[in-house]
Amino acid sequence: SYNNVVDTAPPEVTASVSGATLTAKITDAADKFPTQSGVAVTVDGKAISFTYDAAKGTLTAALNVGDGNAHRVTVTAKDASGNIGRASCDTYVDWLKTTGITTGFEDGTFRPNQSITRQQFAVMLYRYLGLDGTQYADRTLPFADNGEIGEHAKTAIKTLYSMGILNGSEENGKIYFHPSASLTRAQAATMIGRTQQKGYATAALSFTDAASIPAYASYYIQTMVAQKVIGGYEDKTFRPNTAITRGQMAKILY
């Protein structure tokens with residue numbers, strides 16, 4: 001609450017890019033318009049300057065991205081009660097390649113319908129977050145199947161494990177990571193959700209199979225559904241235990 005007013009609704013943010021100009025509109029049910037200190041604009045995760053009219057909730061920014069590549073432009077707004085809203089503009093697969101989060105395969109394909117392994121996603125998430133894992137280089141992982149983790153993924157997994165973003169599963173008294181196993185939609189939502197700050201609204205889950213969503217993933221799925229970061233299928237199912245595809249993951253990270 002703020003000034004004795006209970007407020008759990010995030011600001012509404014709309015954004016669009018035309019040429020090299022970003023325009024956005026921000027409104028909030030309780031506060032009308034957030035103050036400038038609660039508004040931020042980023043290009044590929046890096047903050048840029050912008051012009052904001054707090055009396056109208058309108059925003060403009062000049063984008064210096066004329067290199068012919070795709071870029072992610074994001075407007076984030078936080079109201080006085082700490083609720084967060086945001087909107088982004090760009091194309092997600094091109095953005096992942098441009099920013100180096102994923103390089104695709106040697107034959108030049110992206111293979112959007114192929115599932116992602118747990119260690120592949122760890123590397124992708126590590127790059128997405130722009131982390132420096134040098135401080136965790138000597139960390140010993142507790143997994144009984146450490147020997148199955150590829151050398152290219154060890155730094156990412158050590159870092160994400162140390163930060164509490166990923167963990168393993170206990171089986172017969174031992175903890176396993178299962179690096180080559182396919183990542184499920186519930187696991188992906190949980191790992192991404194753990195990277196977000198607190199304050200996002202939650203949405204009631206109306207999926208017909210909501211009861212099958214694991215308890216550990218429910219909160220994170222609720223927040224990302226509210227942000228429209230993740231959704232279900234046309235038949236109104238979420239399919240939490242289904243392997244997530246590369247195309248689906250690209251869209252969620254974008």
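How many of the 8 residues of α6 are buried? In this predicted model, 6 of the 8 are buried, so α6 is largely enclosed by the rest of the structure. Here buried means under 20% relative accessible area, exposed over 50% and partly exposed in between, with a 1.4 Å probe and protein chains only. Helices (H or I, at least four residues) and strands (E, at least two) are DSSP runs, numbered from the N terminus.

Because the model is predicted, local features need pLDDT of at least 70 and side-chain atom pairs count only at pLDDT 80 or more, while totals for chains, interfaces and linings use all residues. Residues are numbered from 1 along each chain as its sequence is written, and side-chain values use heavy atoms, with hydrogens and water left out.

**Nonpolar cores**

- A nonpolar core is a set of buried Ala, Val, Leu, Ile, Met, Phe, Trp, Tyr and Cys residues joined through side-chain atoms within 4.5 Å.
- The largest nonpolar core has 40 residues. F121, L125, I157, I192, M249 and L253 touch the most other members.
- Five elements are listed as giving two or more residues to this core: α2 (118–129), α3 (151–162), α4 (185–193), α5 (215–226) and α6 (246–253).
- With 6 residues, α2 gives the most to this core.

- R246, G247, M249, A250, I252 and L253 are the buried residues of α6.
- M249 touches I116, F121, M124, L183, A188, I192 and I244, leaving out residues up to four places away in sequence. Contact means heavy atoms within 4.5 Å.
- The axes of α4 and α6 come within 12 Å and cross at roughly 25°. Axes are lines fitted to C-alpha atoms, for helices over the stretch in contact, and angles run from 0 to 180 degrees between N-to-C directions.
- The two helices, α4 and α6, are therefore roughly parallel to each other. Angles under 35 degrees count as roughly parallel, over 145 as roughly antiparallel, 65 to 115 as roughly perpendicular and the rest as oblique.
- α4 and α6 make a right-handed crossing. A crossing is right-handed if the near helix is turned clockwise from the far one by less than a right angle, and left-handed if anticlockwise.
- From α4, R185, A188 and I192 meet Q248, M249, I252 and L253 of α6.
- This contact of α4 with α6 divides into 5 nonpolar, 1 polar and 1 charged residues. Ala, Val, Leu, Ile, Met, Phe, Trp, Tyr, Cys and Pro count as nonpolar, Asp, Glu, Lys and Arg as charged, and the others, Gly among them, as polar.

**Helix pair α2 and α3**

- The axes of α2 and α3 come within 8 Å and cross at roughly 70°. That makes α2 roughly perpendicular to α3.
- The crossing of α2 and α3 is left-handed.
- Q119, A122, V123, L125, Y126 and L129 of α2 meet H152, A153, T155, A156, I157, T159 and L160 of α3.
- The contact of α2 with α3 has 9 nonpolar residues, 4 polar and no charged.

**Buried loop residues**

- I244 sits in the loop between α5 and α6. Its relative accessible area is 0%, so I244 is buried.
- Beyond its neighbours within four places in sequence, I244 is in contact with Q114, S115, I116, L183, T184, R185, A188, M249 and I252.
- I244 and K56 are 188 residues apart in sequence and 41 Å apart in space, C-alpha to C-alpha.
- T237 lies in the loop between α5 and α6. At 12% relative accessibility, T237 is buried.
- T237 touches F207, T208, D209 and G232, not counting residues up to four places away in sequence. Its C-alpha atom is 7.6 Å from that of A210, 27 residues apart along the chain.
- T117 is in the loop between α1 (92–98) and α2. T117 is buried, with a relative accessible area of 17%.
- P179, S180, A181, S182 and L183 are touched by T117, not counting residues up to four places away in sequence.

**Positive phi**

- Most residues other than glycine have a negative phi.
- D44 has a positive phi, near 55°, and is not a glycine. D44 lies in the loop between β3 (39–43) and β4 (46–47), and is partly exposed at 26% relative accessible area.
- H178, also not a glycine, has a positive phi of about 55°. H178 is in the loop between β10 (174–176) and α4, and counts as partly exposed at 30% relative accessibility.
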